[in-house]
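Let's take a walk through this protein together. Keep the 3D view open and follow along as we go from the big picture down to the contacts.

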Amino acid sequence: MKRLMPSPPLSFALFVIWLLLNQSLEAATLLSAALLAIAVPLITKGLRPATVRMRRPGVALRLSFLVTFDMLKSAYDVARLLLTRRTADISARFVQIPLDMRDPNGLAVLAMIMCLTPGTAWGEVSFDRTTLLIHVFDLEDEAAFIALIKTRYERPLMEIFES
């Protein structure tokens, strides 16, 4: 069964999304959904990183609430800055953050956090995965920002993926 369906959650999601997009439960739609649900995970199996083992689900849940809060707060802060400051008064900069985390899944989650949080954008990670380049919309204290990323996001992600 694992050879036919290497990723059951992905297969299920593809099946459901196909049905929703077609807005039909006809036999042809169900058959094409089933074929996609089987074929796409098989074709893309080599593109996915190693299997994820979440070691601390409680930390992951706490991190998801923290990220949601940070995204909402950051959206408010960015909107406030855009509406109240002149462009010349906003100090947008690139910041290099030294990384201790090496797990590709943890780095992927960190990339998503940075890209989804208003005011920050993932620039790149060095080839040896030791440095992360982030663009920050308005940066006042670089050292404080680096410490924030490392303690608020990197440390919990390391607990989840590398412990």
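The C-alpha centres of domain 1 and domain 2 are 35 Å apart. Keep in mind that this is a predicted model. According to the domain assignment, domain 1 covers 8-44 and domain 2 covers 57-162.

Let's start with helix 1, which runs over residues 8-22. Helix 1 has 15 residues and stretches 21 Å from its first C-alpha to its last, close to the 21 Å expected at 1.5 Å a residue. Just after helix 1 comes Gln23, with a positive phi of about 50°.

Now, how do the helices meet?

| Helix pair | Axes | Angle | Crossing |
|---|---|---|---|
| Helix 1 and helix 2 | within 8 Å | roughly 145° | right-handed |
| Helix 4 and helix 5 | within 9 Å | roughly 145° | right-handed |
| Helix 3 and helix 5 | 10 Å apart | about 155° | left-handed |

Take helix 1 and helix 2 (residues 27-43) to begin with. Which residues of helix 1 make the contact with helix 2? They are Leu10, Ser11, Leu14, Phe15, Trp18, Leu19 and Asn22. On the helix 2 side, look for Thr29, Leu30, Ser32, Ala33, Ala34, Leu36, Ala37, Val40 and Pro41. Sort the residues of this contact by class and you get 12 nonpolar, four polar and no charged.

Next up are helix 3 (residues 57-84) and helix 5 (residues 142-161), which pack at an angle of about 155°. Because of that angle, helix 3 is roughly antiparallel to helix 5. From helix 3, Val59, Ala60, Leu63, Leu66, Val67, Phe69 and Asp70 touch helix 5, where their partners are Arg152, Tyr153, Pro156, Leu157, Glu159 and Ile160. What classes of residue turn up in the contact of helix 3 with helix 5? There are 10 nonpolar and three charged residues, and no polar ones.

Finally, helix 5 also meets helix 4 (residues 104-116). Helix 4 brings Asn105, Gly106, Val109, Leu110, Ile113 and Met114 to this contact, and helix 5 brings Ile149, Tyr153, Leu157 and Phe161. This time the tally is eight nonpolar, two polar and no charged residues. Spot Tyr153 and Leu157 in your view: these residues of helix 5 meet helix 3, and they also take part in the contact with helix 4.

Methods:
Residues are numbered from 1 along each chain as its sequence is written. This is a predicted model: local features need pLDDT of at least 70, side-chain atom pairs count only at pLDDT 80 or more; totals for chains, interfaces and linings use all residues. Side-chain values use heavy atoms; hydrogens and water are left out. Domain bounds come from an automatic or database domain assignment. Axes are lines fitted to C-alpha atoms, for helices over the stretch in contact, and angles run from 0 to 180 degrees between N-to-C directions. Helices (H or I, at least four residues) and strands (E, at least two) are DSSP runs, numbered from the N terminus. Angles under 35 degrees count as roughly parallel, over 145 as roughly antiparallel, 65 to 115 as roughly perpendicular and the rest as oblique. A crossing is left-handed if the near helix is turned anticlockwise from the far one by less than a right angle, and right-handed if clockwise. Contact means heavy atoms within 4.5 Å. Ala, Val, Leu, Ile, Met, Phe, Trp, Tyr, Cys and Pro count as nonpolar, Asp, Glu, Lys and Arg as charged, and the others, Gly among them, as polar. The expected span of a helix is 1.5 Å times one less than its number of residues.
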